[in-house]
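Please keep the structure in view while reading.

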Amino acid sequence: MPRIIGAYALESGDAAQRRRLITSILDHGLGTGFEVPILSHDFAQEQEWFWNLMPTASSHVLTMVTRTMEELSNDPRYGLASEDPRGRNRAISELEKVQGLVQDMNAGGGPHVGAIEIQSAPQASDPATACAHFLQSLKELASWDWHGASLCVEHCDALVPWHAPAKGFLSLHDEIDIVRKIRSMHVSTRVGITLNWGRSAIELRDADAVQQHIRQCLSTDTLLGLMYSGTSPVASEFGPAWSDAHCPMRCPPHDPDGESTSLLSDEAIHASRILAGRAPAYEGIKVSMRPLESSVSSKIATIQRCASALDLAWEDLRDARNQRRELEAQTSGSN
């Protein structure tokens, strides 16, 4: 299964360190590709060197979340679910640019794009109306030729009445319903849901409850991506409680490679990864650290910590699969 690294969450803004970080991730074999904040202001200036650095057969995920949040900071009506036609059309136009890039990359014999993550922005005053607009937007996007790449609705924390949101977009239930409606239209583009562990925890205010979101996607056969970020229920170096700041994994106090208050633990990764099984088309790691000016070696250790937890879960999945096969063989032989 492809393992995607959201390295941009670890970047400090120093161009030289950014190159060293990307190179070190490749050298350590920590992932098969990267989650790329396509069209974001920072990445737009450095596309050429980044793609030239990527191995020919590598597969990547393009995310619109950074660009979406940049646009929302200037115009709260921007987004694929917007009630404002201009805001919605601007979001669709942005994805038209992305579609052109995907076409060039996936037809070019070099690094290619496996998925594009889109979001059901903006916050909606009327969820029913927002759902209708998001359905219409996704219908149009799915009708385009994405040259083998999937369209993934990345679930961000939804707008709920019991606490202030970090992003506050559509509910997972509504996003799944819209994805299923698009699939019923028999479009050629593969469409599904990507879950981010930390964003689900932010919405649900409960680490254990994240499995509810995974089960919702599994029961509807819509889970295409599973990304791992953390969050903290208390104020920390990563911001106020429940910030969407990509906390690294929980670790003892004063351990520089993690965050002692993070809800993203070895147990949480193991439980969610075992539950998801082989359903996702890709998995990924998007963790940050403080300070962002930390050394590249510290940042690599932060990623490795999460990668090791995922590797252990995969070992257990393989062991369980082998045990089932042995049991089936014994049962078949006895008959």
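Which hand does the crossing of H5 and H6 have? The crossing of these two helices is right-handed. The model behind this answer is predicted.

## Helices H5 and H6

Helix H5 covers residues 85-106, and helix H6 covers residues 127-142. Their axes come within 11 Å. They cross at roughly 25°. An angle under 35 degrees counts as roughly parallel, so H5 and H6 are roughly parallel to each other.

On the H5 side, the contact is made by Arg 88, Ile 92 and Leu 95. On the H6 side, His 133, Ser 137, Glu 140 and Leu 141 meet them. By class, this contact of H5 with H6 has three nonpolar, two polar and two charged residues.

## Gln 99 in H5

Helix H5 also holds Gln 99. Is this residue buried or exposed? Gln 99 has a relative accessible area of 14%. The cut-off for buried is under 20%, so Gln 99 is buried.

What does Gln 99 touch, once its neighbours within four places in sequence are left aside? Gln 99 is then in contact with Trp 144, Asp 145, Trp 146 and His 147.

## Helices H7 and H9

H7 spans residues 172-184, and H9 spans residues 210-219. The axes of H7 and H9 come within 11 Å and cross at roughly 15°. With under 35 degrees as the limit for roughly parallel, H7 and H9 are therefore roughly parallel to each other. H7 passes H9 in a right-handed crossing.

Which residues make this contact? H7 contributes Leu 172, His 173 and Ile 176. H9 contributes His 213, Gln 216 and Cys 217. The residues of the H7 contact with H9 divide into three nonpolar, three polar and no charged.

## Cysteines

How many disulfides does the structure hold? The count is zero. A disulfide is a covalent bond between the sulfur atoms of two cysteines. Here the cut-off is a pair of cysteine sulfur atoms within 2.5 Å.

Cys 251 is buried, with a relative accessible area of 8%.

For Cys 306, the closest cysteine sulfur is also in Cys 247. The distance is 12 Å, again too far for a bond. Cys 306 counts as buried, at 0% relative accessibility.

How values were computed
Residues numbered from 1 in each chain as written. Predicted model: local features only at pLDDT ≥ 70, side-chain atom pairs only at ≥ 80, totals over all residues. Heavy atoms only, no water. Axes fitted to C-alpha atoms, helices over the stretch in contact; angles between N-to-C directions. Helix = DSSP H or I, 4+ residues; strand = E, 2+ residues; numbered from the N terminus. Parallel < 35°, antiparallel > 145°, perpendicular 65-115°, else oblique. Left-handed = near helix turned anticlockwise from the far one by under 90°. Contact = heavy atoms within 4.5 Å. Nonpolar A, V, L, I, M, F, W, Y, C, P; charged D, E, K, R; others polar. Buried < 20%, exposed > 50% of the residue type's maximum accessible area, 1.4 Å probe, protein only.
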